[in-house]
Amino acid sequence: MSETKNVQDAACKPGQLGGAGRRYAGKAVLLILLAAAIGAYFVWPPYRGVIDSIFSAFATGDFAAVRRFVERYGTMAAAVSFLLMVFQSIVAPLPAFLITFANANLFGWWRGAILSWASAMAGAAACFYIARILGRDVVEKLSSKTGLRSIDAFFERHGAQSILIARLLPFISFDIVSYAAGLTSMGFWPFFIATGVGQLPATIVYSYVGGMLTGGAKLFVTGLLILFALSILIVLLKQVYTERKKRSDRSA
């Protein structure tokens, strides 16, 4: 019996070692790619110029600036927009809705919606696997330590439906949720399907609105979005304060 067990153990070890080897190889490749992307910024001026332009466009808070950035690539504009959405997903928390508005305004609302939804899904998958392979320390540097902690608490509170609920709520960071999911034992496909279903309504609404944004309408909708974000922030802060007060009362 012990000999049989030893044979089984010996047979398992190569597979286990192979799995560990693949994980280390994947981690090494990702770290090299991230290091290359960061290093290129300092040694390759054209690349640095593109990155600076991206951050400048997002810093304006105006979708028209993002549209101009995408539009200047002509026939490659859709591919550039796709890569831009993936980039903003990894470098959380840049505002993705600016890309969604720009896509709708540039390509038409339904084409823009398809492009925004597909590229957001690719970005979510990238964040999930970066977190799964590289772990929490790297993810905290790419996103936000405080944001991850709040999403961890959200996951504990809502359980198996957390991803779908989070995707339906526009005030919860899309990218940090993707990173946080990769740090759990959740399977990729349940995460991916819930993301696709939950993200679709917001993408359609933002794309439809983005296709109509011009002049006064743009200012009006931007004002509404800011007001909505502030109201949600107040509600969340109040909820956090109430929960902490309850915990302190219980401990006392």
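Which residue lies over the face of Phe174, and at what distance from the ring centre? Arg167 does so, at 4.0 Å from the ring centre of Phe174; a charge counts as over a ring if NZ of Lys or CZ of Arg is within 6 Å of the ring centre and within 35 degrees of the ring normal. This is a predicted model, in which local features need pLDDT of at least 70 and side-chain atom pairs count only at pLDDT 80 or more, while totals for chains, interfaces and linings use all residues. Residues are numbered from 1 along each chain as its sequence is written, and side-chain values use heavy atoms, with hydrogens and water left out.

**Overall architecture**

- The secondary structure of the protein consists of twelve helices and zero strands; helices (H or I, at least four residues) and strands (E, at least two) are DSSP runs, numbered from the N terminus.
- Of the 252 residues of the protein, 32% count as buried, where buried means under 20% relative accessible area, exposed over 50% and partly exposed in between (1.4 Å probe, protein chains only).
- Among contacts between residues at least 6 apart in sequence, 71% join residues at least 24 apart; a contact means heavy atoms within 4.5 Å.
- The accessible surface of the protein is about 14,900 Å², and 69% of this surface belongs to carbon and sulfur atoms; accessible areas come from the Shrake-Rupley method with a 1.4 Å probe, and for residues only the protein chains shown count as cover.

- Helix 4 (residues 77-90) has 14 residues, and the distance from its first C-alpha to its last is 20 Å, close to the 20 Å expected at 1.5 Å a residue; the expected span is 1.5 Å times one less than the number of residues.
- The buried residues of helix 4 are Ala77, Val80, Ser81, Leu84, Met85, Val86, Gln88 and Ser89.
- The cover over these buried residues of helix 4 includes helix 2 (45-59), helix 3 (63-71), helix 5, helix 6 and helix 10.
- Val66 is placed in helix 3 and counts as buried because its relative accessibility is 1%.
- Leaving aside neighbours within four places in sequence, Val66 is in contact with Ala57, Leu84, Leu98, Ile99 and Ala102.
- Val66 and Ser81 are 15 residues apart in sequence, and their C-alpha atoms are 9.2 Å apart in space.

**Ser116 in helix 6**

- Ser116 is found in helix 6 and counts as buried, because its relative accessibility is 1%.
- Apart from neighbours within four places in sequence, Ser116 is in contact with Met85, Ile99, Thr100, Asn103 and Thr203.

**Helix 11**

- The 23 residues of helix 11 (residues 188-210) should span 33 Å at 1.5 Å a residue, and the end C-alpha atoms are 31 Å apart, which agrees.
- A kink of about 35° lies at Leu200, shortly before the proline Pro201; the bend at a residue is the angle between axes fitted to the seven residues ending there and the seven starting there.
- Buried residues of helix 11 include Phe188, Phe191, Ala194, Thr195, Gly196, Gly198, Gln199, Thr203, Ser207 and Gly210.
- What covers the buried residues of helix 11 includes helix 5 (97-107), helix 6 (109-134), helix 9 (162-168) and helix 10 (174-182).
- Leu200 is partly exposed, with a relative accessible area of 38%, and its C-alpha atom is separated by 6.8 Å from that of Trp117, 83 residues apart along the chain.
- Ala202, also found in helix 11, is partly exposed at a relative accessible area of 22%.
- The C-alpha atoms of Ala202 and Pro170, 32 residues apart along the chain, are separated by 7.3 Å.

**Aromatic pairs**

- The count comes to 17 aromatic pairs; rings of Phe, Tyr and Trp (its six-membered ring) pair if their centres lie within 6.5 Å, and planes under 30 degrees apart count as stacked, over 60 as edge-to-face and the rest as tilted.
- Trp44 and Tyr47 form a stacked pair, at 6.1 Å centre to centre and with 10° between the planes.
- Trp44 is partly exposed, with a relative accessible area of 49%, and Tyr47 is partly exposed at 23%.
- Phe188 and Phe192 form a stacked pair, at 5.1 Å centre to centre and with 25° between the planes.
- Both Phe188 and Phe192 lie in helix 11, four residues apart, about one turn of the helix.
- Phe188 counts as buried at 15% relative accessibility, whereas Phe192 is partly exposed at 21%.
- One aromatic cluster is formed by Phe128, Tyr129, Phe188, Trp189, Phe191 and Phe192.
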